[in-house]
Amino acid sequence: METPPPQTESTAPTDADIHAFKEQLGRPPRGLRAIAHRCPCGNPDVVETAPRLEDGTPFPTTYYLTCPRAASAIGTLEANGVMKEMTERLKTDEELAKQYRAAHDDYIARRDAIEVLENFPSAGGMPDRVKCLHVLVAHSLAAGPGVNPLGDEAIEMLPQWWKKGACVSAEPAGETE
């Protein structure tokens, strides 16, 4: 599969990004810091969230997948047992386990660069199991290829969710030029 292009750095969310996020998830963003990756259609598909929500509640999911088409395709992978297969491979493939531990360290380092959450896990089951492919894919899209091996694998398994066009309109109705 042709994978979506990496984004070199997070960008500040625009009003259109915030509108798209609301349309994608059906709710306003919580803890939104930046757009960590853009879908080839131009909408955000991964956002970077603050380690703590506005009320101080810890929120360790630094990278949050927002595109409903990508999320649905990932849900299909999860339902087909991909997480269990990946977890089993971590028990027997020492090199994969080493790379996955490095992905965990990368995730923690990126979160800690924003704010340290003492004694909080990374996300997605890292470093010992696969608990959520959505988080692993979000991390891979945000960090770029080669950082999270299982997130990269999951991306390769996905259909090209962006080929049908944008999942939502980035402009509120009546506000287009």
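Biologist: Is cysteine 132 buried, partly exposed or exposed in this predicted model?

Modeller: Buried means under 20% relative accessible area and exposed over 50%, with partly exposed in between (1.4 Å probe, protein chains only). Cysteine 132 has a relative accessible area of 21%. Its class is therefore partly exposed.

Biologist: How many disulfides does the structure hold?

Modeller: A disulfide is a pair of cysteine sulfur atoms within 2.5 Å. The sulfur of cysteine 67 has its closest cysteine sulfur in cysteine 167, 4.1 Å away, which is too far for a bond. Cysteine 132 is in no disulfide either, its nearest cysteine sulfur, in cysteine 67, being 15 Å away. The number of disulfides is 0.

Biologist: On what basis are these values computed, and from where are residues numbered?

Modeller: The model is predicted, so local features need pLDDT of at least 70 and side-chain atom pairs count only at pLDDT 80 or more, while totals for chains, interfaces and linings use all residues. Side-chain values use heavy atoms, without hydrogens and water, and residues are numbered along each chain as its sequence is written, from 1.

Biologist: Which helix holds histidine 19?

Modeller: Helices (H or I, at least four residues) and strands (E, at least two) are DSSP runs, numbered from the N terminus. Histidine 19 counts as buried, at 16% relative accessibility. The run that contains histidine 19 spans residues 15–25 and is helix 1.

Biologist: What is the C-alpha separation of histidine 19 and serine 169?

Modeller: Histidine 19 and serine 169 are 150 residues apart along the chain. Their C-alpha atoms are separated by 8.2 Å.
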